[in-house]
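Here is a short note for a colleague who is new to this structure. Please read the points below with the sequence and the model side by side.

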Amino acid sequence: MEITCEKVEQIVVFLENRPGILADLCAHLADHDINIRAITSVEATEAGVIRLILDRPQAAKEVLSEAQVTYTTSECLVVEMPNYPGGFAHIARELALAGINIEYIYATTIPDSGSALGVLGVSDLERALKVDWGR
């Protein structure tokens with residue numbers, strides 16, 4: 001398996017930090033047949049910041065707007081790669097060699113598949129899309 005990457009629109013939702021609010025958000029998206037491909041949360045005292053990669057981001061924006069949920073969007077880099085010790089180090093090193101800063105990352109491996117998936121906020125997305133991962 002080789003390393004592949006793509007530019008993806010991410011939706012960033014700001015939610016009150018209380019029990020059930022994340023369940024409500026996920027259920028609301030599911031009720032509109034919107035699948036969550038990746039999700040992460042950053043804790044804050046009063047509010048949470050939820051980053052979402054969704055299969056239908058345009059539909060999700062409409063659904064969130066109708067529900068009066070506060071959100072923003074940004075573009076990020078999604079990298080699929082072989083899962084091996086040092087795999088993410090390789091990604092980080094190649095980006096660093098290209099002068100690209102990783103501003104945030106959320107990632108996971110896919111057990112028994114041999115692959116891993118990372119969502120990265122980077123300082124220069126267009127340049128990151130052109131990185132030669134084979135070095």
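1. Helices (H or I, at least four residues) and strands (E, at least two) are taken here as DSSP runs, numbered from the N terminus. On that basis the chain has 4 helices and 6 strands, and along the sequence they follow the pattern β-α-β-β-α-β-α-β-β-α.

2. Please keep in mind that this is a predicted model, in which local features need pLDDT of at least 70 and side-chain atom pairs count only at pLDDT 80 or more, while totals for chains, interfaces and linings use all residues. Residues are numbered from 1 along each chain as its sequence is written, and side-chain values use heavy atoms, with hydrogens and water left out.

3. As for overall dimensions, the C-alpha trace spans about 45 × 30 × 30 Å along its principal axes. Of the 135 residues in the chain, 36% are buried, where buried means under 20% relative accessible area with a 1.4 Å probe, counting protein chains only. Among contacts (heavy atoms within 4.5 Å) with a separation of 6 or more, 70% are between residues 24 or more positions apart.

4. Strand β2 (residues 36–42) pairs with strand β3 (residues 47–54) in the antiparallel sense over 6 bridges, pairing being assigned if DSSP finds at least two bridges between two strands. A hairpin of 4 residues joins β2 to β3, and I36 stands opposite L54 in β3.

5. After α2 comes Q68, whose phi is positive, near 60°.

6. Which residues have the most contacts inside the largest nonpolar core? A nonpolar core is a set of buried Ala, Val, Leu, Ile, Met, Phe, Trp, Tyr and Cys residues joined through side-chain atoms within 4.5 Å. The largest one has 15 residues, and those with the most contacts inside it are V13, L15, L25, L29, I34, L52 and L54. At least two residues of this core come from each of β1, α1, β3 and α2, with α2 giving the most, namely 4 residues. A second, separate core has 14 residues, including I91, A116, L120 and A128.

7. I34 can also be followed individually: leaving aside neighbours within four places in sequence, I34 is in contact with L29, L54, D55, R56, A59, A60 and V63.

How values were computed:
Buried means under 20% relative accessible area, exposed over 50%, partly exposed in between (1.4 Å probe, protein chains only).
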